[in-house]
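Subject: Structure handover

Dear colleague,

Please find the structure below, with the sequence. My notes on it follow.

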Amino acid sequence: MIKPIKAFIKDKLEVLIFDSREQMGQAAYEAYQDKVISKLSKQDEVRAVFAAAHSQDDFLMCLSQDRSIDFRKIVAFHMDEYIGLPENAPQKFGAFLKKAIFSKVPFKSVNYIQSGSSTIQDECARYSRLLHERPLDIVSMGIGENGHIAFNDPAEAHFYEKNWIKETRLDAICRQQQVNDGEFLHFEDVPQTAFTLTIPALMSCEQVICIVPTARKAEAVYKMLQEPVSEMCPASILRMHDHAKLFLDKEAANKII
């Protein structure tokens, strides 16, 4: 078991800091594995939400190699998807997750957000119905350079709203992050809108595993943990979740240690 170099509780959020992003990813996987196996000992399936981002690479690599979890009992969702990209675009989040995890282990089912659906409203209604069929058990996520979770950027984040999925407009920091991550060559190439699971949907998950590496996220981590819980830093809401763990490497934590 990987040991953190520092651990503490902020409000309700358990924060664990690791010496490297590889150790961070391994530790997040171990926590995820433990929770899923525990849940499957008590129920017939686990409903899991995944983030498509390079912050998840180390965690997803470990998870894709797991041989102890019965993935045939896991129903998978993803938390956001661009609007307006060609169906076969490699930047699509469904494609990212298919390559990283969905095609590597035998899930019971994988529910993709269909951004090419006839209307945005119809797709939101369809995916919402799927999400509401049974409670969501676990979500693995990161946070954005602007403090977003999923694509709930500060200007459009709402801690309380009735819908579980919506169309949202991406802010400039969020769109630039996609260029910084190497997914797009130019800022202008990044779509301006996307589907996103809302904050109430994410917070409904019984367990949150949040994985945040690299110095580019250090300012967002500082705001998330040190400033008041606010929609101006959407990730700060995780401090109010009853069962959330934040996994950081020391670079992402460099403003709080």
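A search of the whole structure finds 0 disulfides, a disulfide being a pair of cysteine sulfur atoms within 2.5 Å. This is a predicted model, in which local features need pLDDT of at least 70 and side-chain atom pairs count only at pLDDT 80 or more, while totals for chains, interfaces and linings use all residues. Residues are numbered from 1 along each chain as its sequence is written, and side-chain values use heavy atoms, with hydrogens and water left out.

C62 counts as buried at 13% relative accessibility; buried means under 20% relative accessible area, exposed over 50%, and partly exposed in between (1.4 Å probe, protein chains only). The sulfur of C124 has its closest cysteine sulfur in C174, again 17 Å away and too far for a bond. C124 is buried as well, with a relative accessible area of 12%.

Next, the strands. Helices (H or I, at least four residues) and strands (E, at least two) are DSSP runs, numbered from the N terminus. Strand β1 (residues 6–10) pairs with strand β2 (residues 13–18) in the antiparallel sense, over 5 bridges; pairing requires that DSSP finds at least two bridges between the strands. F8 has V15 in β2 as its bridge partner. The hairpin of β1 and β2 has 2 residues between the strands, and D11 there takes a positive phi near 55°.

A194 sits in strand β9 (residues 193–197) and is buried, with a relative accessible area of 0%. Leaving aside neighbours within four places in sequence, its contacts (heavy atoms within 4.5 Å) include E81, Y82, F151 and L170. N111, in strand β6 (residues 109–111), is buried at 16% relative accessibility. Beyond four places in sequence, N111 touches V75, A76, F77, H78, Y127 and L130.

Finally, the cores. A nonpolar core is a set of buried Ala, Val, Leu, Ile, Met, Phe, Trp, Tyr and Cys residues joined through side-chain atoms within 4.5 Å. The largest has 47 residues, and M79, M141, I143, L197, M224, L246 and L248 touch the most other members. Another core, of 43 residues, lies apart from it, with F18, A27, A89 and L97 among them.

Regards
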